[in-house]
Amino acid sequence: MSEPEVEFVLPDEAGDAERERALRAGLAEYELEDDDLALLHAEGDDEDGAGAEAALPVLAIVGRPNVGKSTLVNRILGRREAVVEDKPGVTRDRVSYPAEWSGRRFTLVDTGGWEVDVAGIDKRVAEQAEVAIALADAVVFVVDATVGSTDTDEQVVRLLRRSGKPVVLCANKVDGPAAEADAAVLWSLGLGEPYPVSALHGRGTGDLLDAILDALPETSEHGVVRPTGPRRVALVGRPNVGKSSLLNKVAGAERVVVDDIAGTTRDPVDELIELKGVPWVFVDTAGIRRRVHQTSGADFYASLRTQAAIEKAEVAVVLLDASQPMTEQDTRVVQQVIDAGRALVIAYNKWDLMDADRRPYLEREIEKELVQVTWAPRVNISAKTGWHAERLVPALETALDSWDMRIPTGRLNAFLGELVAAHPHPLRGGKQPRILFATQASTRPPRFVIFTTGFLDPGYRRYIERRLRETFGFEGTPISISVRVREKRKR
């Protein structure tokens, strides 16, 4: 049976307010719980107020592979943030974290291992470490005290001397007093006192941090002033779909390591980027492979951090490969964003490689694949060349506007009154559930609560959601509709 087409006409505000008062008064006849009353009396002010941050001094952690740089980063932060595994080459990009010690705040930059005369991805990792040194106010040079200084360490020392930056020498893996003699040998590097530390166990890190604060300037030459509340955008998708290439293209610089090897990115990388005069924080994430419990090692921790990056973001751009059919993995990524309640934009990468005759057929295939998320704005782009990348910002703005949208309670109830009059809920067991009152409980994402006299069928809830989207927009945001069945008070 086809639904009658209804064009909802928004009534005037005075009529909305009058209807809301009448419906609220009618609720007094029903048994309401404490959280119902709290919801009905809430002001609905859930905006986030973020103040502007000052430019913080930048501290780079450098050294050759597998000396414990990321372990030291986690120790300084006091939490397991950077991906750590007992093998070289886990960290690849420059990854920034806000840190604090003795009341002083600074930006901590973890880097990949620096090596000499390397090629391929290792060369690009080393280049990112060199950029980190150039953009730091001070540097911590980490050396494995159990191995001593190597030829590579000597090369890093020459690089640090040329940079002219203050350097604090960290002799890592000194797990007890017996190993402190190994640390003393590192005076030979000519960088001053080596601080014996066990990043894994925390031994000696307090003295190291005190020395770091002495080396860091009060005012930063390289720190970035974070404007008030830039929106956070997570770039997500399966491995090798072009997330890092897209970040580099919108940033206008080789900000993250890009390679044909799937899974190049492991740590989420934040980058503050200004597009059309508006600041955004783009977060490049590790590709979501299989289910988290089926992964291990660095991939397992990378998957957890990708999930955390989605939850910290406000909007996620899910990148899909236009040259390949949509996979179960792609569907899972989209669902992960929806489950996290984040605004959603879908970007089809490598669209410029598609044959012009093939594109109309591909459009029809995509409509079938994305039938569950027809509400998400879609852009066709090329991350590699930047083709149509300028279409990304309008799609992000549309999705975020919908994510923040609030419908006045009177208008919402007037809308539902028109909707129910045109298309009543089917009878169930000789009874018809009645909608008593509705309110928008929150934004980010929009969540609606409907008080009824009986259970609403899932199909009717989907009908309400579809009509909400058609009437008010909500393009690019998931919507939550919950139903509270309430009975009349006993006389």
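Is tryptophan 351 buried or exposed? Tryptophan 351 is buried, at 4% relative accessible area. Buried means under 20%, exposed over 50%, and partly exposed in between (1.4 Å probe, protein chains only).

1. Basis. This is a predicted model: local features need pLDDT of at least 70, side-chain atom pairs count only at pLDDT 80 or more, and totals for chains, interfaces and linings use all residues. Residues are numbered from 1 along each chain as its sequence is written, and side-chain values use heavy atoms, with hydrogens and water left out.

2. Aromatic pairs. The structure holds 4 aromatic pairs. Rings of Phe, Tyr and Trp (its six-membered ring) pair if their centres lie within 6.5 Å; planes under 30 degrees apart are stacked, over 60 edge-to-face, the rest tilted. One of the pairs joins tyrosine 348 and tryptophan 351, edge-to-face, at 6.3 Å centre to centre and 75° between the planes. Tyrosine 348 is buried at 3% relative accessibility.

3. A second pair. Phenylalanine 448 and phenylalanine 474 are edge-to-face too, with 5.9 Å between centres and 85° between planes. This pair links distant parts of the chain, 26 residues apart: phenylalanine 448 sits in strand 14 (residues 447-452), phenylalanine 474 in the loop between helix 14 (458-472) and strand 15 (480-485). Helices (H or I, at least four residues) and strands (E, at least two) are DSSP runs, numbered from the N terminus. Phenylalanine 448 is buried at 3%, and phenylalanine 474 at 0%.

4. Backbone. A cis peptide bond joins arginine 444 and proline 445, with omega about 0°. Proline 445 lies in the loop between strand 13 (435-442) and strand 14. Phi of arginine 444 is positive, near 55°. Arginine 444 is buried at 19%.
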